[in-house]
Amino acid sequence: MSVKEANILLGGPQGAGLETTAQILTSSLAYLGYGVLADREYYSNIKGRHSYIHARISAEMIPLSLSYPVEIVGAMDSETIFTHFEDLGDGGYLIYDSSTDNRTLSSIASMEPILKNRITERLKRLGVEAKVSSLVDYLASNGRAEIVALDFPSILDTFKKRFEPEPIQASRYVSSILVGAVCGLLDIDEEAVKYGVSRRFMKKEKLIEHNVFLVNYVADYIRENYGSPYKLDNSRLSLNEMLTVMGNDVVAMAKIVGGLRYQSYYPITPASDESFFIEAFERLEVDGDSIGGIVVFQTEDEIAAITSAIGASLTGARVATATSGPGFSLMVEGLGWAGHSEVPLVITYYQRGGPSTGLPTRGGQSDLLFTLFASHGEFPRIVLASGDHIEAFYDAIEAMNYAERYQLPVIHLLDKFLANSFITMGIPDFSKIYIDRGMIVEDGEDYRRYEFNGPISPRANLGSKAVMWYTGDEHDEYGHITEDPEYRIKMYNKRMEKLDLIDKEIDPEKRAVLYGDFSADYLLVGWGFVKGVAIDSINKLRSQGLNGAYLHLKMFSPFPSSYVKSIIGSFDSDRVILVEHNYLAQAGKIVAMNTGTIIDRMIVKYTGRPIYVNELIIGIRKILEGEMRVVLSYGA
Amino acid sequence: MEYVHNGGDTCIDCRYIELHDIYRYMGYCEVKYELMMVYRTTCNHFSPIDRGELWETLETGGWLYCIDCGEVIFFTDELKLHLDHRVRNKLFSDIIATEESPAAD
Ligand SMILES: [Zn+2]
């Protein structure tokens, strides 16, 4: 017996080995050619609070979305058991540390009182004492779950008889127990384990030896005592090479490949990791030959981040800055300056749960309206959103091309869900990549930076022979300040007409993508990370006889108005449903503004957790039965 | 008491043990320089923590930590609430958190 896919949830205290567990497992699975999507949920505290990895592993495809219940819950601590016992499907496997059997719910200091009360109430209703052993007994006795009880300290003691564990690496050994148990249940072989561990610990031979032993020791025990109930089919994905990457990594790689030369940032979740990744490649070498460098500049705040990027751009560098909501709030004045002065600039914007500090380490899509309307005055901007890791790769390069071709700020919208989820993906198709730096002049003869020859005047770099003036004030063709009303109209129009030009030049079908066809029974409309869960839910419902389609909105400015209007218009209005991670269903407002079509049915979620297939399916059914608004809430 | 205690003197009550800050079944032995499974092991260096010393330790060190409650103790009034608990003035952190914790602000 083997399975096509497995859903697992691994939980433990933040900063104590869970991430290592996920990385080793993902690499081992990638080595065997499986598709993996793993979301990481964590508190904004530095250490000790409950975090978990929720993953879907497939032998047939690269997963696009996540769903509950899961087949395996692996608990590094008792908090995970209490928090996630109902996420486990019937007959699923709970892996836990049996040395915590006597631990009570009330003694878990790291758990929020609100959640503790909720779980206490739930256990009371189930007639279960709020203690690990009682809960485990309940799960086992009802046949709800198979219990994999591992005495973590005893395993570590056995390990100690053979090796000298390094105290400074203590948590690693705990994570290897969990990796081992999962490898046993999925029947991941020793070679793949060795690959996963070696990749994680890069040349630290002792650590690799220790952890490979521990993983295999536990995996063998599991195979012997529980079999491998979720032994995966051989992978049918035909990828020769795979990347195991987070969304942050994908965007960073894309920027490097796409010719980025200057990136500024001020550290902020969930954007920083992208800049950290690029920093590692500040000196670019190919086969030992230097091919240049990328300046990655950590500024004192986001105001300096955007203004320094503007400065770098004016000298001719291909530039970007990366941030999230609170950082973008500080960038707004700079954004307006760039828009007015026609400076090519990419702002990679990772949305998180706002407003204010909000839910710093959770996801959201509540900043769409903000990115579209931020700053005083009017100026053209491109707002582009990516729906998955692969889209994010190509879009990050395209964003830099657009910025330079049209000489304006491009806001590339991503979210925490994408930023912090691991995925296995194939190597991008480099033949699809091009670099467009737009019109640049070297010659300085009577150079007019804002020459009236159409919406785009060739740009010259500071430091070239050309002379130009940048003030932030309204200006004439050279850049000199003018308040002349006729010049004002001409220059204003010149800037704003870029939107018409872009609208003409960029294919609407690239800016909004329809998955499915016009004969569908209903149409979901969404954007960003909603894409995967929308498509998967539609596929699931199709197997239940309900045929759906998904309209994926990618570019919000300029908006592909007539194309979107024609698609939405071909569905009955009570069959069109917005799916978004915000309260207002913000993309619906933009659709209404641009097309006059009001979509009044919506499924929204704003808990900061991803939308899961299981809940979206229920939501779609409710809307089709007549509800106007469904608010989703699944997930701890 | 959340972990199995075999009875008798085990490392958990030894003054030379720095308990792991997250996985409290592990501790670092200052005498043997080893990682110990503190509820299961003991050795001839065992020397129990004197509860009476805690008041002075709090005074000089400024903080104590109640393992049972997962709480930091700064004041003697607070210490009074944990007198029957396992209270310590040293913990050890491994290097993993520095690698795994996201910069979250
Ligand atoms: Zn206490």
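## Zinc site, interface and salt bridges

Q: Which protein donors does the zinc ion have in this predicted model?
A: Let's start at the metal in this predicted model. The donor atoms lie 1.9 to 2.2 Å from the zinc ion.

Q: What arrangement do the 4 donor atoms around the zinc ion have?
A: Here the angles decide. Four donors count as tetrahedral if all angles lie between 85 and 135 degrees. The 4 donor atoms around the zinc ion subtend 103 to 115°, so the arrangement is tetrahedral.

Q: Is His82(B) buried or exposed?
A: Buried means under 20% relative accessible area. Cys69(B) has 21% and counts as partly exposed. His82(B) has 4%, so His82(B) counts as buried.

Q: What area is buried between chain B and chain A?
A: Contact involves 35 residues of chain B and 46 residues of chain A. Carbon and sulfur atoms give 55% of the buried area. That area is about 3,300 Å².

Q: How many salt bridges does the rule find across the interface of chain B and chain A?
A: Polar pairing at this interface can be counted in two ways. There are 15 residue pairs in polar contact between chain B and chain A. On the chain B side, β2 (26-29), β3 (34-37) and α3 (96-100) each supply at least two residues that touch chain A. For salt bridges across the interface, the count is 4.

Q: Which residue of chain A meets Arg40(B) in a salt bridge?
A: Arg40(B) is partly exposed, with a relative accessible area of 22%. Its side chain meets a partner of chain A at 3.1 Å, N to O. The pair crosses from Arg40(B), in the loop between β3 and α1 (53-61) of chain B, to the loop between β6 (145-150) and α5 (152-162) of chain A. The partner is Asp151(A).

Q: How many residues apart are Glu404(A) and Arg459(A), which form a salt bridge?
A: The closest N and O atoms of Glu404(A) and Arg459(A) are 3.6 Å apart, and both residues are buried. Glu404(A) is in helix α14 (residues 389-406) of chain A, and Arg459(A) is in the loop between β16 (422-426) and α16 (485-505) of chain A. The pair links distant parts of the chain, with a separation of 55 residues.

Q: How many of the 11 residues of helix α9 of chain A are buried?
A: Helix α9 spans residues 247-257 of chain A and is largely enclosed by the rest of the structure. Its buried residues include Val250(A), Val251(A) and Ile256(A), along with Asp249(A) and Lys255(A). The count of buried residues is 9.

Q: Which residue has its backbone nitrogen 2.7 Å from a polar atom of the side chain of Ser272(A)?
A: Ser272(A) lies in helix α10 (residues 272-279) of chain A. At 5% relative accessibility, Ser272(A) counts as buried. The backbone nitrogen at 2.7 Å from its side chain belongs to Ile268(A).

Notes
Residues numbered from 1 in each chain as written. Chains lettered and ligands numbered in written order. Predicted model: local features only at pLDDT ≥ 70, side-chain atom pairs only at ≥ 80, totals over all residues. Heavy atoms only, no water. Donors = N, O, S within 2.8 Å, 3.2 Å for Na, K, Ca; no water. Tetrahedral: all angles 85-135°; square planar, octahedral: opposite > 155°, others 65-115°. Buried < 20%, exposed > 50% of the residue type's maximum accessible area, 1.4 Å probe, protein only. Contact = heavy atoms within 4.5 Å. Buried area = accessible area lost by both parts, 1.4 Å probe. Polar contact = N/O pair within 3.5 Å; in protein donor to acceptor, adjacent residues only side chain to side chain. Helix = DSSP H or I, 4+ residues; strand = E, 2+ residues; numbered from the N terminus.
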